[in-house]
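Take a look at the chain shown here. The paragraphs after it walk through its fold, one part at a time.

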Amino acid sequence: MPVLAPDWTDTAACRTTPYRWLATAPGRLYGEDTAAELAATFPQDDYVRLDATGAGRDKTYRNYSRPLLGPGQDVPAGLPALWRGLVADLAGEPYRRQVAALLDQPVAAAVEIRLVRHADTDWLGPHTDRADKLFSHVLYFNPGWQAGWGGCLEILDGDDPTAVHDRVVPQLGASALLVRSDRSWHQVGAVTAGRGRERRSLVLHGLR
């Protein structure tokens, strides 16, 4: 049974400044009960700790990452049933065609999907995505998340981390869809230290 709502793009309208992007509210991609079950069964194992800090790097970040699906790969059998359904939907041609129509792009040839956990003080610095990507779609699984806890996706006017144009709070059921371009600067603010909470997300890239 499909997990994504078949009409999730029907009333969607992309913002055009500072580049093309879209934030979807909780309840748009799937219902509240589905979102709650996905959050409760968010996979916890097989993550790698990544730490790319220091001067001279094009992209700085610190998080836990777990690849789920690459081009030509099958949906991992070890995932909970609802997660297998979600990944299958996101890898399918109907989803890729919906996104292409919404963003006025070619249909992505394939997708790559990974899970990401940001712990206390983890972040992702200002960057644009690789040129082999058409778009990025980030889905959030954080019940009750508040903006004051950090971890917001920040849409930037340029490579200056203080030039924040807008923010997306990583609330349960919300998502953010970004068109890749040389202007599509964005970052993830640091998760507030000492709260003991993790920011959990699924990151999908549509590939040329």
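**A strand residue and its neighbours**

Leu 153 touches Tyr 140, Asp 166, Arg 167, Val 168, Ala 176, Leu 178, His 186, Gln 187 and Arg 199, leaving aside residues up to four places away in sequence. Touching here is contact, that is, heavy atoms within 4.5 Å. Leu 153 sits in strand β7, residues 153-156. Leu 153 is buried, with a relative accessible area of 4%. Buried stands for under 20% relative accessible area, exposed for over 50%, and partly exposed for what lies in between, with a 1.4 Å probe and protein chains only. Leu 153 and Val 107 are 46 residues apart in sequence, and their C-alpha atoms are 25 Å apart in space.

A word on the model. It is predicted, so local features need pLDDT of at least 70 and side-chain atom pairs count only at pLDDT 80 or more, while totals for chains, interfaces and linings use all residues. Residues are numbered from 1 along each chain as its sequence is written, and side-chain values use heavy atoms, with hydrogens and water left out.

Now the whole chain. It has 3 helices and 11 strands. These are DSSP runs numbered from the N terminus: helices are H or I with at least four residues, strands are E with at least two. The order from the N terminus is β-α-β-β-α-α-β-β-β-β-β-β-β-β.

The C-alpha atoms fill a box of roughly 45 × 35 × 30 Å along the principal axes. For 208 residues, a compact globule would have a radius of gyration near 17 Å; this chain has 16 Å, which agrees. That radius is taken over C-alpha atoms, and the globule rule is 2.2 Å times the number of residues to the power 0.38. Of the 208 residues, 50% count as buried. Among contacts with a separation of 6 or more, 79% come from residues 24 or more positions apart.

The accessible surface comes to about 9,600 Å², and 49% of it belongs to carbon and sulfur atoms. Areas come from the Shrake-Rupley method with a 1.4 Å probe; for residues, only the protein chains shown count as cover. The chain carries 23 positive and 25 negative side chains, and the centres of the two sets lie 2 Å apart. Lys and Arg count as positive, Asp and Glu as negative; His and the chain ends are not counted. Each charge is placed at NZ of Lys, CZ of Arg, CG of Asp or CD of Glu.

Turn to the helices. In α2, the buried residues are Leu 82, Trp 83, Gly 85, Leu 86, Val 87, Asp 89 and Leu 90. They pack against α1, β3 (61-69), α3, β4, β6 and β11. Helix α3 spans residues 93-103, and its buried residues are Tyr 95, Arg 96, Gln 98, Val 99, Ala 100, Leu 102 and Leu 103. Their packing partners are β1 (21-24), α2 (81-91), β4 (110-118), β6 (133-140), β9 (175-179) and β11 (199-207).

Asp 104 lies in the loop between α3 and β4. Asp 104 is exposed, with a relative accessible area of 69%. Thr 121 also has a positive phi, near 70 degrees. Thr 121 lies in the loop between β4 and β5 (123-127) and is partly exposed, at 33%. A cis peptide bond joins Thr 17 and Pro 18, with omega about -5 degrees. Pro 18 is in the segment before β1.

Next, the aromatic rings. The structure holds 6 aromatic pairs. The rings of Phe 42 and Trp 83 have centres 5.5 Å apart and planes at 80 degrees, so this pair is edge-to-face. The pair links distant parts of the chain: Phe 42 is in the loop between α1 (32-40) and β2 (48-52), and Trp 83 is in helix α2, 41 residues apart. Rings of Phe, Tyr and Trp (its six-membered ring) pair if their centres lie within 6.5 Å; planes under 30 degrees apart count as stacked, over 60 as edge-to-face and the rest as tilted. Phe 42 is buried at 3%, and Trp 83 is buried at 0%. Trp 8, Tyr 95 and Phe 135 form one aromatic cluster.

Phe 135 is also among the residues that His 205 touches. His 205 is in strand β11 and is buried, at 6%.
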